[in-house]
Amino acid sequence: MTAKELRANARTHLKGRWGMSILVGIVAGLLGADSTYQAYYSSVSTASNTVEQTVQQVQSMDPSAVYSTAQNLPVSFDISTIQVSPLVSVLGIVAFLFGGAVALGWCLYNQNLNHDRPAEFKDLFVYFNMFGKAFLTNLLVGLFLLLWTLLLIVPGIIMSFAYSQTFYIMQENPDMKAMEAIRASKELMKGYKWKLFCLDLSFIGWALLAILTFGIGFVFLTPYVEQAHCAFYNNLKAEKAAIPMEPAAAAE
């Protein structure tokens, strides 16, 4: 399937089920299953800290030199910054602890949606019985990506695509160990990393619009992207037949 066909596939399966998918996406993002939300909260924190530092620097300057600017400074902004930063910290801790298990549940939700099975909010929490394995998988993927990124940015980006199917593979193979799922993702993505990159790139216009809405647009964009990723995974399996399995409806 082309990027255009994968997006069309996603819209077809989201039709009539956007409301629940948006809700599931918001909760999944808050619980750490989606990097889009994590990046957004990170950007909010960064922006807040940057503004706070700027205000402090300007206020420490000679008042006579910046009198006209200082008159318009939002001197009370540091209050909102204090309110935002703890929220970001809490969300980061929650994402670290529960992101893996919720990611598996989100894969299940999207698979149910893509296969026209009942897709429900409770799907997000089905795999909490695999909390330890899911946590380890999430930790290892994050650690490997960090190490690759420390070498060079580009290898880190490439490997993020290589590891991208890890949770879909584990969701369909709950007996797999963390490293087995990671290696299976790398094998499955051989020769297909560029195709997934092109799919993600095709959403750039929507992402820019979402940014212009101060991030609110990501609420609608995220389920669209994730369902397209699910379609990509299923199409990839069909093309490579690398992992012969039937889609799992739920964890044992």
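Buried means under 20% relative accessible area, exposed means over 50%, and partly exposed lies in between (1.4 Å probe, protein chains only). The model is predicted: local features need pLDDT of at least 70, side-chain atom pairs count only at pLDDT 80 or more, and totals for chains, interfaces and linings use all residues. Residues are numbered from 1 along each chain as its sequence is written, and side-chain values use heavy atoms, without hydrogens and water.

**View A. A nonpolar surface patch of about 660 Å².** Ile93, Phe96, Leu97, Phe125, Phe128, Phe131, Leu136 and Leu139 make the patch. Helix 5 (77–114) and helix 6 (131–151) each give two or more residues to it. Leucine 136 sits in helix 6 and is partly exposed, at 40% relative accessible area. Patch residues have over 30% relative accessible area and no salt bridge; nonpolar side chains (Val, Leu, Ile, Met, Phe, Trp, Tyr) are joined within 5 Å. Areas follow the Shrake-Rupley method with a 1.4 Å probe. Helices are DSSP runs (H or I, at least four residues), numbered from the N terminus.

**View B. The largest nonpolar core, with 47 residues.** A core is a set of buried Ala, Val, Leu, Ile, Met, Phe, Trp, Tyr and Cys residues joined through side-chain atoms within 4.5 Å. Leu104, Trp106, Leu124, Leu199, Phe203, Leu221 and Phe232 have the most contacts inside this core. Helix 12 (218–240) is among the elements that give two or more residues. Helix 12 gives the most, with 10 residues. Beyond its neighbours within four places in sequence, leucine 221 is in contact (heavy atoms within 4.5 Å) with Phe203, Trp206 and Ala207.

**View C. Helix 12, from first C-alpha to last.** Its 23 residues reach 32 Å, close to the 33 Å expected at 1.5 Å a residue. The expected span is 1.5 Å times one less than the number of residues. Of the 23 residues, 19 are buried, so helix 12 is largely enclosed by the rest of the structure. Just after helix 12, alanine 241 takes a positive phi of about 50 degrees.

**View D. Salt bridges between lysine 237 and glutamate 172, and between arginine 17 and aspartate 116.** A salt bridge puts a side-chain nitrogen of Lys or Arg within 4 Å of a carboxyl oxygen of Asp or Glu. The closest N and O atoms of lysine 237 and glutamate 172 are 2.9 Å apart. Lysine 237 lies in helix 12 and glutamate 172 in helix 8, so the pair ties together parts 65 residues apart in sequence. Both residues are buried. For arginine 17 and aspartate 116, the closest N and O atoms are 3.6 Å apart. Arginine 17 is partly exposed at 25%; aspartate 116 is exposed at 56%.

Conventions: Patches are made of residues with over 30% relative accessible area and no salt bridge: like charges are joined within 9 Å, nonpolar side chains (Val, Leu, Ile, Met, Phe, Trp, Tyr) within 5 Å.
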